[in-house]
There are 2 protein chains.
Amino acid sequence: MESKDVEPNLYDRKCGSRQVLDRIGDRWSVLVVLTLAVAPKRYSELAQRIDGVSQKMLTQTLRGLERDGLVTRTVHATVPPRVDYALTDLGRSLLTLVAGLEAWATDHLAEVESARARYDNTRSPN
Amino acid sequence: MESKDVEPNLYDRKCGSRQVLDRIGDRWSVLVVLTLAVAPKRYSELAQRIDGVSQKMLTQTLRGLERDGLVTRTVHATVPPRVDYALTDLGRSLLTLVAGLEAWATDHLAEVESARARYDNTRSPN
């Protein structure tokens, strides 16, 4: 469902901005965008840097980012062919935001873990 | 797995910051935090404002936000009892970030939709 005539509105269930939010808030998208911030990378370099990502998930994430215009995939005519992933200008416009997500998640991890421990203690039986 | 002795690192599969990122990048969490930005709200007010959220998903999202220390749930001793949800200081520290996500998703929706159409056209058979 496209929204040409009305302003995009995240509160509207039919607005495509919700799918955009899903993309940019996604764990693996954030990590790929951050990893590509400095320079283009090959698939194997991304897989190595992003500890624990499965091949299936990395492939799916890269395809989604490419489809949404955030990442380009370039095949170089070398032997063997080399495939590079790079941020587009649109992808680059996300950098401040995803760096902010990373910073918040790491800066506040201890607070969140304490809150969870308190919550779980309060609610556990006995 | 907690990480007390090392700096939190989003690239490490064992680091809890990944779960924190999942929370703060989640579509429904973003919408709840944004909706609570101005004032505390009742469950029914949240459900009404966030078009399309199921009862199950809203309940689960609020419980997750409460557990992570981002939202408080207060039961008022009225008849019938009134239950309010409000942001904590920690939740409030997310506001700039989630407003940034909302702004990016709505400001760039048209660009993302164009990119998708191009991608799908290039790849469709025939």
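In the predicted model, Ser29(B) belongs to helix α2 of chain B, which spans residues 27–35. The relative accessible area of Ser29(B) is 2%; because buried residues are those under 20%, Ser29(B) is classed as buried. When neighbours within four places in sequence are set aside, the contacts of Ser29(B) are Arg23(B), Thr61(B) and Leu65(B).

Lys56(A) provides a case from the other chain. This residue is located in helix α4 of chain A. With a relative accessible area of 65%, Lys56(A) is exposed, since the cut-off for that class is over 50%. Lys56(A) and Trp104(A) are 48 residues apart along the chain, and their C-alpha atoms are separated by 27 Å.

The contact between the two chains was examined next. In chain A, 56 residues are in contact with chain B, and 56 residues of chain B take part in turn. The area buried between chain A and chain B amounts to about 5400 Å², and carbon and sulfur atoms give 61% of that area. On the side of chain A, the residues that lose the most area to chain B are Tyr11(A), Arg67(A) and Trp104(A), which together account for 16% of what that side buries.

The rule finds 10 salt bridges between chain A and chain B. In one salt bridge, the side chain of Arg67(A) meets that of Asp120(B), with an N to O distance of 2.7 Å. On the side of chain A that touches chain B, two or more residues each come from α1 (17–25), α2 (27–35), α4 (55–67), α6 (95–107) and α7 (109–123) of chain A. Of these elements, α7(A) gives the largest share, 9 residues. By residue class, the side of chain A that touches chain B comprises 24 nonpolar, 13 polar and 19 charged residues.

The strands of the two chains were then considered. Strands of a sheet pair through backbone hydrogen bonds, in either a parallel or an antiparallel sense. In chain B, 3 strands form an open sheet with antiparallel pairing, in the order β1-β3-β2. The edge strands of this sheet are β1 (41–42) and β2 (71–76) of chain B, each of which pairs on one side only. The pairing of β1(B) with β3(B), residues 82–87, is antiparallel and involves 2 bridges. Within this pairing, Lys41(B) has Tyr85(B) as its bridge partner in β3(B).

In chain A, strand β2 (residues 71–76) pairs with strand β3 (residues 82–87) in the antiparallel sense over 6 bridges. His76(A) stands opposite Arg82(A) of β3(A). The strands β2(A) and β3(A) form a hairpin, with 5 residues between them.

A further feature concerns the peptide bonds in the loops between these strands. Most peptide bonds are trans. In chain A, however, Val79(A) and Pro80(A) are joined by a cis peptide bond with an omega of about -5 degrees, and Pro80(A) lies in the loop between β2 and β3 of chain A. In chain B, a cis peptide bond joins Val79(B) and Pro80(B), where omega is about -5 degrees; Pro80(B) is found in the loop between β2 and β3 of chain B.

Note on methods:
Residues numbered from 1 in each chain as written. Chains lettered and ligands numbered in written order. Predicted model: local features only at pLDDT ≥ 70, side-chain atom pairs only at ≥ 80, totals over all residues. Heavy atoms only, no water. Contact = heavy atoms within 4.5 Å. Buried area = accessible area lost by both parts, 1.4 Å probe. Salt bridge = Lys/Arg side-chain N within 4 Å of Asp/Glu carboxyl O. Helix = DSSP H or I, 4+ residues; strand = E, 2+ residues; numbered from the N terminus. Nonpolar A, V, L, I, M, F, W, Y, C, P; charged D, E, K, R; others polar. Pairing = 2+ DSSP bridges. Buried < 20%, exposed > 50% of the residue type's maximum accessible area, 1.4 Å probe, protein only.
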